[in-house]
Amino acid sequence: MIKHDGLKEEFKYVTKPDEQEHIAGLFASGDMLMQEIAYSLITGQNIEVGSLVKKALENDYSANIVLDDGLIAGMAIVGVKFRDNIIFVPEVLISARAMKAGMEHIEPILSAAGVKPIGTVIMGTVKGDLHDIGKNLCIMMLRGGGFLVHDLGVDTKPDDFIDAVMEHDAAIVGMSALLTTTMPNMGTTIEAFEEAGMREEVKIMVGGAPVTQEFADEMGADAYGDNAVDCVQKAKELVITEN
Amino acid sequence: MINTALNLTKKQRVLNALAGKDVDRPPVSNPTNVATVELMDYVDAPFPEACRNAELNAKLALTGHSELGFDSIAPYFSIIQESSALGCEMQWEQKDNWPTVRMGNPIWKSKSDIKIPSGFLEHKDNIAITRSINILKNEVKGQVAILGKTMGPWTLAYHVFGVEPFLLMSIDNPSETLEILKKLKEITVLFGQAQIDSGADVLVVPDHATGDLVSARYYDDFLLEIHQELVEDLQVPLILHICGRTVDRMPSIAKSGMAAFHFDSKNTPSEAMEAVGDGIRLVGNINNPETLYSKSPEDVKQEVYRALDAGVQLIAPECAIPLKTKIENLLAIPSAVNQWVSNKFQS
């Protein structure tokens, strides 16, 4: 149940019945501290999120509870608002910064406890392309969604994707491109996986401003993400397919 | 209005369309790159050398008129020259990819860092463009419209501050963001005026406050007034270029005073025309990654028809084309315009 007044206002932006049910479920405990964390994250208050997360952990909330009921629950509303063009990239960036401030307290605990991610993803912007903002948003949302993500950065050669998959035993590769000149390098990378005899071992998803489902199909990708929220959804579907 | 009895030169056709005057047919224009690998090979002027050498640059630019039959020509690839001259790290790439600014390693962090280097206009990469325009002017002798290009302050800010830091700054400190944009506008004017002095008939001003990144309110809060000032400062017709979804900010763009807005295929021609009304002319918006890059001349033709039927005044690819685009698809653009005029007015 949502008790926090500001959060109640934010929840009004969630209009699809299935999403209302899902996100309301994330706040089912009715814990005011978790709702305060979620609200502070949605409104991009990074210092506030950091201190609230610290306070929660000091008051014996588990790292998993703070992550799920505070940070991820807040990010779920950010994702919906971003997808529906209620907010744009700057507003998502300040929420991402707030998420990072909270994760700085949580990650060491999760890591020490050996909590397993739901999947490992290799992410990179394709060769010849130096744009990374969309990729970075996807990475932030994937990490918030429980994935372990290895970021190869920009201008990533096909061999670098292959090497990273082998090194980290990753099941998913995510490629981003912003330029119409570099989009074909998604296909080149997929071909490189085929030539290396690794195409069956890895699911490949693609995205980026000029990329479309049609283009993704032509390149032979397994999934296309229209935005950062969709990216997480597609990654989860690929994990299910894989299993 | 279209008056087929007029007998206009390519330059007159472009300038008339930008001014809202009668034309004999809608001009085919190129506010953004239409050079391809094939054309580079044809005139032996490959990227990245053609981006940095005035003679090669002009040779490649001329193909827009001589080989493709467009009504305008423009030096390519000219969205990074001023950033190079400012000291940004560059990745010049190779023949089949556009040069880029390494925005991940920005050169400035705050307003106090902004300094226009002495000799900015004399920098090798800026000279390549101004000299190229001068060569083109002598070559086409007033028959073909020459489009220069000077980056708007919003895009320059991406280059010098980095996209992510700049967008964060826009929320953390809006007043400093605005002051930064006003300061960067001086660079836009400086390089733009140098191109006018060299012979540019029109200037394209890319300023990527796109709906893919920021809200429509950003255009009103940060850019509208600055764009209105640019119209005062640069006394040639200006074409604003913003990629991506922009229909929500087109009513504001129509108040900028710019001659035209170059729009993306993420906006349909009809919704774009409705959004701008009589406030500004539209240039566009043939899709690049699918239609021009991978479909057929017939598909190109249908998309040109759709834009013309909606009333788009100047036809052009939506943005810089993939460098491996087939020439036959580019040739289909002027061909389709001629066919459309013939069907509509001469049958």
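In which hand does H4(B) pass H6(B) in their crossing? In the predicted model described here, H4(B) passes H6(B) in a right-handed crossing. Helix H4 of chain B comprises residues 54-66 and helix H6 of chain B residues 124-140, and the two pack with their axes 8 Å apart, at an angle of about 50°. On the side of H4(B), the contact is formed by B:Ala54, B:Glu55, B:Asn57, B:Ala58, B:Ala61, B:Leu62 and B:His65, while H6(B) contributes B:Ile127, B:Ala128, B:Arg131, B:Ser132, B:Ile135, B:Leu136, B:Glu139 and B:Val140. By class, the residues of this contact comprise nine nonpolar, three polar and three charged.

A further helix of chain B, H8 (residues 163-172), is mostly covered, with seven of its ten residues buried. The buried residues of H8(B) are B:Val163, B:Glu164, B:Phe166, B:Leu167, B:Leu168, B:Met169 and B:Ser170. Their cover includes elements of both chains: from chain A, H6 and helix H7 (133-144), and from chain B, helix H7 (153-161) and helix H9 (174-198).

The contact between the two chains draws on 20 residues from chain A and 26 residues from chain B. Within chain A, helix H6 (89-113) and helix H10 (213-219) each supply at least two residues of the side that touches chain B, and H6(A) gives the most to that side, with four residues. The side of chain A that touches chain B consists, by class, of 13 nonpolar, five polar and two charged residues.

As for chain A as a whole, eleven helices and five strands are assigned. The C-alpha trace of chain A spans about 55 × 40 × 30 Å along its principal axes. The radius of gyration of chain A is 18 Å, which agrees with the value near 18 Å that a compact globule of 243 residues would have. Of these 243 residues, 56% count as buried. Among the contacts in chain A with a separation of 6 or more, 75% are accounted for by residues 24 or more positions apart.

Technical notes. Residues numbered from 1 in each chain as written. Chains lettered and ligands numbered in written order. Predicted model: local features only at pLDDT ≥ 70, side-chain atom pairs only at ≥ 80, totals over all residues. Contact = placed C-beta atoms within 7 Å. Nonpolar A, V, L, I, M, F, W, Y, C, P; charged D, E, K, R; others polar. Axes fitted to C-alpha atoms, helices over the stretch in contact; angles between N-to-C directions. Left-handed = near helix turned anticlockwise from the far one by under 90°. Buried ≥ 20, exposed ≤ 12 C-beta atoms within 10 Å, placed from the backbone. Rg over C-alpha atoms; globule rule 2.2 N^0.38 Å.
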